[in-house]
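Me: Hi! Could you walk me through this one, starting with the overall picture and then some single residues?

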Amino acid sequence: MRNFSPLLLFSLLVAALAALPVASVGLNLLAGGTGDTWSHLVQTVLGDYVVNSLLLCLGVTLGTALLGVSTAWLTAMHEFPGRRVFEWALVLPMAVPAYVMAYLYTDLLQFVGPVQTWLRDTFDWTRADYWFPDVRTLGGAVGMFVFVLYPYVYLLARNAFLERASGMLEAARTLGVGPWPAFFRISLPLARPAIAAGVALALMETLADYGTVAYFGVDTFTTGIYRAWFSLGDRTAAAQLSAVLLGFVILLVLLERSSRGRARYHNTTGRNRPMPGQRLHGAWALLAFLACLLPLFMGFLLPAGLLLRMALLEGDAQFGSRFLTLAGNSFTLAGLTAVLAVCLALLLAYGARLSKTILAQGLNRLVGLGYAVPGAVIAVGVLIPVTRLDTWLAGLWTGWFGSNPGLLFTGGIAALIYAYLVRFLAVALQTVDSSLGKITPSMDDAARSLGLGQAATLGRVHVPILRGSLFTAALLVFVDVMKELPATLVMRPFNFDTLATQTYTLASDERLAEASTAALAIVAVGLLPLIALSRQIANSRKQ
């Protein structure tokens, strides 16, 4: 076959391994859900899981859409003091994990925290003299997710506002249409797919979270999975809850697709040059400044400042050899996963480029679906087949050599890295594939005419050109693994902690000062790709 490539078989193998955890979770639905644990969950807490998850999704949808669209519209289409800083700084909250945000705001706003203590000391109040909202509630969890996840909507909406139909806006202005009618009738409808995609990403992160909802005592599917696995010891019930959660994620994607109906969002004008921003003055400029400052302050400046203050002033008893061990574990897991993810992504993307078949593209899309699956679901889906593989291998080993080798994969980091790859390979694949697609096929033809084979062309032609993209992909995967909590909590080897698990454990024990250094390290690492992204945003429009 002309388009056949051995890499197509490799893609098929990787796709099968990536789909195995999800298939494992789905097959557990065939267990019937009639076990005692499942019946107990249905009768007691399953309704709470559904209601709380739906309310979280509703709150995050409204909040991220409001903050993301408003800040994107202000920074993309207007001029006001601080706009050049806000346009790149508004992505910084993505560096703060939601569970770290939850710990910090709880410490800040609780009854014995500095805010309420200052109120009582200043106004000579007692507990009965005033009312203060409790942050450790469902509403508080929504707030944490909104301030951390709105950059997904901001990035995509801002890009849509900058690129789509500037000619239409100019035509609207010549017809006397004001800024607000033009926004609601032209810009917002055209940006709808980008906004919906950003909200969908935020919702997937919300459904995948464990640290925030567990710390706030909000029962969701993720906390239920963890409880069924560790507290009740029923992996079948955990897998069934995972399947329901996976159904939620699939439903989100299908609803977004179907909501478009037959609507189309094509840009029918070629006049897409950047438009000069409308200059705001007086009160409008002040309002725009405050509207952009609020999410940045609440989502990054205040949490980062609190962490830095704790680390420097209150001290961290865990800092020292213990911190170095945690950092070493985190960097080892993140580094190995990043290297493997980039290598696999490069081979998958190159294989699709060579075969040019629908099958190759479909396999890559199947691999890319892993990012939409919550970490807890992947962890359960990996542990079930890997544990069975370990049991089978142990039986063979015992039959051959008369001794039990124990768990070969489940007890080490191999299964954990496998789970990371299933979850985050899509990040590397999307980055590498988009960059590889920009390389003209004539370069392949030229290399072939010079006698280079497929492997030599990849190594001597494509890899040097893709060096920057490969580094970016590795960095993105590295940061995602550093922040990942649910899969790490479920699958980490015994007595093996990372910065993320240590932060969660100490904060859960109300030892936030001791968790500050680990949390600050996670935030600092998360800033690395955002710095590059911020530079790109700053140069996205000619000033």
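**Overall picture**

Reply: Among contacts in the chain (heavy atoms within 4.5 Å) between residues at least 6 apart in sequence, 83% join residues at least 24 apart. This is a predicted model, where local features need pLDDT of at least 70, side-chain atom pairs count only at pLDDT 80 or more, and totals for chains, interfaces and linings use all residues. Residues are numbered from 1 along each chain as its sequence is written, and side-chain values use heavy atoms, with hydrogens and water left out.

Me: Thanks! How many helices and strands does the chain have?

Reply: There are 23 helices and 2 strands. Both are DSSP runs numbered from the N terminus, helices being H or I with at least four residues and strands E with at least two.

Me: And what share of the residues is buried?

Reply: Buried residues make up 52% of the 543 in the chain. Buried means under 20% relative accessible area, exposed over 50%, and partly exposed in between, with a 1.4 Å probe and protein chains only.

Me: Which residues touch the most other members of the largest nonpolar core?

Reply: Phe161, Leu241 and Met491, out of 168 residues in that core. A nonpolar core here is a set of buried Ala, Val, Leu, Ile, Met, Phe, Trp, Tyr and Cys residues joined through side-chain atoms within 4.5 Å.

Me: What is Leu241 in contact with?

Reply: Leaving aside neighbours within four places in sequence, Leu241 contacts Trp38, Leu41, Leu46, Tyr49, Phe221, Gly224, Ile225 and Ala228.

Me: Switching to helix packing: at what angle do H5 and H13 pack?

Reply: About 75 degrees, with the axes of H5 (residues 98-109) and H13 (residues 282-314) 10 Å apart. The two helices are therefore roughly perpendicular to each other, a label for angles of 65 to 115 degrees. The axes are lines fitted to C-alpha atoms over the stretch in contact, and angles run from 0 to 180 degrees between N-to-C directions.

Me: Which residues of H5 and H13 meet?

Reply: On the H5 side they include Met101, Leu104 and Tyr105, and on the H13 side Phe297, Leu302 and Leu306 are among them.

Me: Now H15, which residues are buried there?

Reply: In H15 (residues 358-368) they are Ala360, Leu363, Asn364 and Val367. Down the helix axis they fall within an arc of 95 degrees, so they line one face of H15; the arc is that of the directions from the helix axis to the C-beta atoms. Ile358 and Arg365 are exposed on the face turned away from the buried side.

Me: Where is Tyr150, and is it buried or exposed?

Reply: Tyr150 is in helix H7 and is buried, with a relative accessible area of 0%. Beyond four places in sequence, Tyr150 touches residues including Thr64, Leu67, Gly68, Pro295 and Leu296. Tyr150 and Val91 are 59 residues apart in sequence, yet 8.5 Å apart in space, C-alpha to C-alpha.

Me: What about Asn52, buried or exposed?

Reply: Asn52, in helix H3 (residues 46-77), counts as buried at 17% relative accessibility.

Me: Last one: what is the phi of Asp124?

Reply: Positive, about 55 degrees, although Asp124 is not a glycine. Most residues other than glycine have a negative phi. Asp124 sits in the loop between helix H6 (114-123) and helix H7 (138-163), and at 67% relative accessibility Asp124 counts as exposed.

Notes
Angles under 35 degrees count as roughly parallel, over 145 as roughly antiparallel, 65 to 115 as roughly perpendicular and the rest as oblique.
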